[in-house]
Amino acid sequence: MACLAASALAAYLFLGRTQAGDSPWALFPLTVALAPVILVGAMAASVVLSTLLSAALDDRTAAPTGPSEPAARTERTGAEATTEGTDLRTTLERASPATGSPSASPSASPAASASASAAP
């Protein structure tokens, strides 16, 4: 209601400077008719401005600012280590093209990797 009253005041002041301001019988009905139009226009302008500012700020904050810090490493034991090793090996095999024989790959097997990392 306060916004509608403010838009009515804006419409009244705007119309007061035109020929409609000469006649109060024309000024009041035009003010009543123009106030909601001004209110809707102000709301549409604020939504457009908000969207543009949001898009501009998202573009600026989405860009990486520098190298990310490595995540903390945690030790896993048992089935979790085997599953993680298998997933990592599968991911590495898919990411890099196969060159040479399978026995020449850096990770021979998850069991060998687990036993090698467990050795002191």
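The protein chain has four helices and zero strands. Helices (H or I, at least four residues) and strands (E, at least two) are DSSP runs, numbered from the N terminus. From that end, the order of elements is α-α-α-α. The model is predicted: local features need pLDDT of at least 70, side-chain atom pairs count only at pLDDT 80 or more, and totals for chains, interfaces and linings use all residues. Residues are numbered from 1 along each chain as its sequence is written, and side-chain values use heavy atoms, with hydrogens and water left out.

Of the 120 residues in the protein chain, 7% are buried. Buried means under 20% relative accessible area, exposed means over 50%, and partly exposed lies in between (1.4 Å probe, protein chains only). The accessible surface of the chain is about 10000 Å². Carbon and sulfur atoms account for 66% of that surface. Accessible areas come from the Shrake-Rupley method with a 1.4 Å probe; for residues, only the protein chains shown count as cover. Contact means heavy atoms within 4.5 Å. Among contacts between residues at least 6 apart in sequence, 36% join residues at least 24 apart.

The structure holds one aromatic pair. The ring centres of Y12 and F28 are 6.2 Å apart and the planes stand at 10°, so the pair is stacked. Rings of Phe, Tyr and Trp (its six-membered ring) pair if their centres lie within 6.5 Å; planes under 30 degrees apart count as stacked, over 60 as edge-to-face and the rest as tilted. Y12 belongs to helix α1 (residues 2-16) and F28 to helix α2 (residues 24-62), so the pair ties together parts that are 16 residues apart in sequence. Y12 has 35% relative accessibility and counts as partly exposed. F28 is partly exposed too, with a relative accessible area of 48%.

T31 also lies in helix α2. This residue is buried, at 9% relative accessibility. A polar atom of the T31 side chain lies 2.7 Å from the backbone oxygen of L27. Beyond its neighbours within four places in sequence, T31 is in contact with A8, A11, Y12 and L15.

S7 lies in helix α1. Its relative accessible area is 5%, so S7 is buried. Leaving aside neighbours within four places in sequence, S7 is in contact with A35, I38 and L39.

Methods:
A polar contact is a pair of N or O atoms within 3.5 Å; within protein, one must be able to donate a hydrogen and the other to accept it, and residues adjacent in sequence count only if both atoms are side-chain atoms.
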